[in-house]
There are 2 protein chains.
Amino acid sequence: MADKATDQRIVAAADDLFYRQGYEHTSFRDIAEAVGISRGNFYHHYKSKDDILRAVIERRLDNTRLLLRQWEQQASSPLDRIICFVKILTTNWAKIRLYGCPVGTLTTELSKLDHPAKKQASEVLTLFRQWLKAQFIALEKAPEKADELAMHVLAFSQGVATLASAYRDKAFVQREIDGMCKWLTQLAAQQE
Amino acid sequence: MADKATDQRIVAAADDLFYRQGYEHTSFRDIAEAVGISRGNFYHHYKSKDDILRAVIERRLDNTRLLLRQWEQQASSPLDRIICFVKILTTNWAKIRLYGCPVGTLTTELSKLDHPAKKQASEVLTLFRQWLKAQFIALEKAPEKADELAMHVLAFSQGVATLASAYRDKAFVQREIDGMCKWLTQLAAQQE
DNA sequence: AGAAATATAGGACAACCGTCCTATACAGTC
DNA sequence: GACTGTATAGGACGGTTGTCCTATATTTCT
């Protein structure tokens, strides 16, 4: 049976490095050094670099599901839950300012590489999309627009994250979040 | 004296490949094959890969300045000019759906690589930012908010482009553009 | 304790990378 | 038409990549 603890340490290190350096720019040597094992030992845990990527994406999917569940517990109303998502830009500001959005940047990179796992990577995005859609359905009882609103908020998040890492301007991010929260609050109020 | 025509063919090919495949994923071999010259011949035109990147970014800066001047000629009012920018997502849809926004994706990639040219790359973004800011100043005579509005439109563009290439959904892009144009029109009207 | 299975280390491997060198082909000048 | 400087081709170079092989520890089970 595989050593689960080491497996997880490898995936966690790869996850972090793929985020900070990008998938292609991260070598086996980088991951091995981060974990503290030899390169040769790698193939007892994962049979290729693509295999590690697959595991990293699955890890992100799991972590995302966990995060969404946490938000559902923290915030009771759909509006507050959507705001939880919007505010993730300030919550993770320290990393976003340096490396952008982990979901968006990986999806974009794999898309350019035409990598087999690009579809799997976009599922993380879809996880947020469906969750947001569910919140909008709960919010306004107009399900035909819920997915459009979810995509709108998702696009907002991606755009702000991109500019945030380009200019590293926290005031801009705060301003955009405030504007979005205001808009969402008005939207929720007019639906009552 | 350097062969200017070949210089330009190399930069044009590199520009295209950097956009479609990413900077790091594009090798000298790729560019040489695209241009139809040998690898060894390369260093008579550019002395390193970074040097080509520098030339590519300068090319993009030039092309962007040209584009912005064209928009100023095509559209007479500041509102129409801003809308020209917003509609670039549909104008370049065929490429954006496959490779995302050339400005945003390069900036993000160079940022992750911590490449020396990352600052230069973000100047393309700044070119749009300053141009948009000038249009907003001309629009509403409230210069203290013009840069914020420019950043808002820029973030919109980046966000929609990211999701556009992830989901390749043209209806979503059209919907977002319509919404943004409507918002801009209202903004211009209330300032009269 | 002995045996079987797993974990680890270190290096070999071919392929590719960016870079550089050299020999040849070609241009324009006297 | 020989000469000079540029353009081009092809390959050598050291280094790195992902992958794989083999020998040695370590653990687990009987």
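A polar contact is a pair of N or O atoms within 3.5 Å, where, within protein, one atom must be able to donate a hydrogen and the other to accept it. By this rule, 14 residue pairs, both members at pLDDT 80 or more, are in polar contact across the interface of chain A and chain B in the model, which is a predicted one.

On the side of chain A that touches chain B, at least two residues each are supplied by helix H1 (4–21), helix H6 (93–99), helix H7 (102–113), helix H8 (118–140), helix H9 (143–167) and helix H10 (170–190) of chain A. The largest share of this side, 12 residues, is contributed by H9(A). By residue class, the side of chain A that touches chain B consists of 14 nonpolar, 13 polar and nine charged residues.

The contact between the chains involves 36 residues of chain A and 36 residues of chain B. Between them an area of about 3100 Å² is buried, and carbon and sulfur atoms give 56% of this area. Within chain A, the most area is lost to chain B by A:Lys112, A:Met151 and A:Tyr167, which together account for 23% of what that side buries. Two salt bridges are counted between chain A and chain B. A salt bridge joins A:Glu148 to B:Arg175, with the closest N and O atoms 3.5 Å apart.

Helix H9 of chain A also contains A:Ser165. This residue counts as buried because its relative accessibility is 7%, and the cut-off for a buried residue is under 20%. A polar atom of the side chain of A:Ser165 lies 3.3 Å from the backbone oxygen of A:Thr162. When neighbours within four places in sequence are left aside, A:Ser165 is in contact with A:Ile96, A:Arg97 and A:Gly100.

In chain B, helix H4 (residues 78–86) is mostly covered, with eight of its nine residues buried. The buried residues of H4(B) are B:Pro78, B:Leu79, B:Arg81, B:Ile82, B:Ile83, B:Cys84, B:Phe85 and B:Val86. Among the elements covering these buried residues are helix H3 (49–74), helix H5 (88–91), helix H8 (118–140), helix H9 (143–167) and helix H10 (170–190) of chain B.

Residues 4–64 of chain A carry the feature "domain: HTH tetR-type" according to UniProt, in an unreviewed entry. Over residues 4–64 of chain A, the chain is 69% helix and 0% strand. The C-alpha atoms at the ends of this stretch are 21 Å apart.

How values were computed
Residues numbered from 1 in each chain as written. Chains lettered and ligands numbered in written order. Predicted model: local features only at pLDDT ≥ 70, side-chain atom pairs only at ≥ 80, totals over all residues. Heavy atoms only, no water. Contact = heavy atoms within 4.5 Å. Buried area = accessible area lost by both parts, 1.4 Å probe. Salt bridge = Lys/Arg side-chain N within 4 Å of Asp/Glu carboxyl O. Helix = DSSP H or I, 4+ residues; strand = E, 2+ residues; numbered from the N terminus. Nonpolar A, V, L, I, M, F, W, Y, C, P; charged D, E, K, R; others polar. Buried < 20%, exposed > 50% of the residue type's maximum accessible area, 1.4 Å probe, protein only. UniProt positions renumbered as here; feature names shortened; annotations may be inferred.
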